Amino acid sequence: MLSPLDIFSDCHRRTKLVTAWGKLPRLDRTTDFVRSCWLGVALIGAVSANAQETQPGIHPYASLGQSYDDNLFRLSDNNPGYGGVRSDRSSQLQAGLQVNENIGRQMVKVQANVSRVKFQHFTQLDYNGKDAEVELNWQLGNRLQGTLGGMYEQILAPYTDVVTSERNLRVQRQEFATARWSFHPSWRARVGYTRDMYSFDLSAQAYNNRTVGAGLVGIDYLASSGSSIGLQVDQIRSRYDTLRSINGRVIDAGNDQNDVKLNVDWRVTPITNLQFLGGWAKRKHVYFTERDSSGFNAKLKAATSMDGQLGLNGAVWREFVAVESALASYAMQTGVSANVVWNISSKLQATAQGRAERRTFSGLLVSSSTLDVSDRNRRVSAGLSYLPMNRVQVSGTVFREARSGLAAAVFGNGNYRAKGVSLNVNVQY
């Protein structure tokens, strides 16, 4: 789960990722990106982002936001906070530029922005955010197309599973490339590769500095209705820059994961889509091979719209996830989410989101215990966006989240509850 600190540190990135609600969201480039998304914050830039996606040219934009969170560091309910303080207010000023240009059949997208985030009480967290991305959507002939690009991002890392009040900036560098070959009217081959490099400026988190490479190969059958079904093979390799110390032993935390998945995209009706991606996953570790494990991963997503006014989106999943710990070797995640967007008028939009997830830990010392080492995460949010004038959007979001279970105390900050609110103004020139 994301900390509310991501409200501002991720705001600029969320803006460019928003798509038209009636369309089913694209799959993540790698499974490493499976993470919860705060829909209300994403919708801050929905109007301007959609306009920029469809209109070529240069589009400067700026935003100003204020936020309040009553449990900023996601501390347990019995923790009084740092210096007796648990809550804080923060503000963000952001300026950016997005460029969309068509060069023949090729499309070039460039996005870059900077932001200044300041906190009222915990001023040691003040930071400058940076984000830049370049993407080329290329096409050769009528059968070969793909993407090529890179990304740089500097944001404040979440504090959900870290017990500290120090500032912890995370830098991510990404390189990606994909290709799709329609070698037959009913058949398509796909390949892709992504490399992510993560680094943290907090020395206590340096053990998380890593490089993750993910490749995929797939083949799909394309039906005349627009639906498709295919097979996909993924390989993910994670390597860490520094060794870890577990129970006095220095180890290499590197690991490899191989997946074989069924990939289904079913256009049930012109306004309703179902997507399924699932199969067998096997994880192997460089050291402590007793942590090696395998399991069934699957995720089902559905999206529909009603008369262009009401959009519904939901998902259920069961995901096997390895855990870097001396106590457990893996966790099974099961969850459900639902999102609603209601276009009340041409100037007013309401949103709501709910998400519940359970993680059950196993392996190593946890397996020898009779205790239920698991946790539950729940989050709900609601937002309202208003366009008082052309190119200006005012948004407000409220949220509530909670975590409970024995694993919350073992692997994170403990059982907690949190709630907050944010107000934002977005302007596109």
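The chat below goes from the overall fold to single residues.

Q: What kind of model is this?
A: This is a predicted model.

Q: How many helices and strands does the protein chain have?
A: The chain has six helices and 20 strands.

Q: And how much of the chain counts as buried?
A: Of its 429 residues, 48% count as buried. The chain exposes about 20300 Å², and carbon and sulfur atoms supply 59% of that.

Q: What share of the contacts comes from residues 24 or more positions apart?
A: It is 59%, taken over contacts with a separation of 6 or more.

Q: Strands next. In which sense do β16 and β17 pair?
A: Antiparallel, over 14 bridges. β16 covers residues 330-343 and β17 covers residues 348-362.

Q: How many residues sit between β16 and β17 in the hairpin?
A: Four residues lie between them.

Q: Which residue in β17 is the bridge partner of Val340?
A: That is Ala352.

Q: New topic. Which residues make up the largest nonpolar core?
A: There are 11 residues in that core. Among them are Leu72, Phe73, Leu75, Phe119, Phe122 and Tyr159.

Q: Is Phe73 buried or exposed?
A: Phe73 is buried, because its relative accessible area is 1%, below the 20% cut-off.

Q: What does Phe73 touch?
A: Leaving out residues up to four places away in sequence, Phe73 touches Tyr82, Phe122, Leu125, Tyr159, Thr164, Ser165 and Asn413.

Q: How many aromatic pairs does the structure hold?
A: Five. One of them joins Phe73 and Tyr82 edge-to-face, at 5.3 Å centre to centre with 85° between the planes. Tyr82 is partly exposed, with a relative accessible area of 24%.

Q: Which residues do ring pairs link into a cluster?
A: Phe73, Tyr82, Phe122 and Tyr159.

Q: Why is the pair of Trp187 and Tyr221 edge-to-face?
A: The planes of Trp187 and Tyr221 stand at 65°, which is over the 60 degrees needed, so the pair is edge-to-face. The ring centres are 5.3 Å apart.

Q: Where do Trp187 and Tyr221 lie?
A: Trp187 is in strand β7 (residues 187-200) and Tyr221 is in strand β8 (residues 210-222), so the pair ties together parts 34 residues apart in sequence. Trp187 is partly exposed at 35% relative accessible area, and Tyr221 is partly exposed at 36%.

Q: Last one. Where is Gln174, and what polar contact does its side chain make?
A: Gln174 is in strand β6, residues 169-184. Its side chain makes a polar contact with the side chain of Asp196 at 3.0 Å. Gln174 counts as buried, because its relative accessibility is 4%.

Terms used. Residues are numbered from 1 along each chain as its sequence is written. This is a predicted model: local features need pLDDT of at least 70, side-chain atom pairs count only at pLDDT 80 or more; totals for chains, interfaces and linings use all residues. Side-chain values use heavy atoms; hydrogens and water are left out. Two strands pair if DSSP finds at least two bridges between them. Helices (H or I, at least four residues) and strands (E, at least two) are DSSP runs, numbered from the N terminus. Buried means under 20% relative accessible area, exposed over 50%, partly exposed in between (1.4 Å probe, protein chains only). Contact means heavy atoms within 4.5 Å. Accessible areas come from the Shrake-Rupley method with a 1.4 Å probe; for residues, only the protein chains shown count as cover. A nonpolar core is a set of buried Ala, Val, Leu, Ile, Met, Phe, Trp, Tyr and Cys residues joined through side-chain atoms within 4.5 Å. A polar contact is a pair of N or O atoms within 3.5 Å; within protein, one must be able to donate a hydrogen and the other to accept it, and residues adjacent in sequence count only if both atoms are side-chain atoms. Rings of Phe, Tyr and Trp (its six-membered ring) pair if their centres lie within 6.5 Å; planes under 30 degrees apart count as stacked, over 60 as edge-to-face and the rest as tilted.
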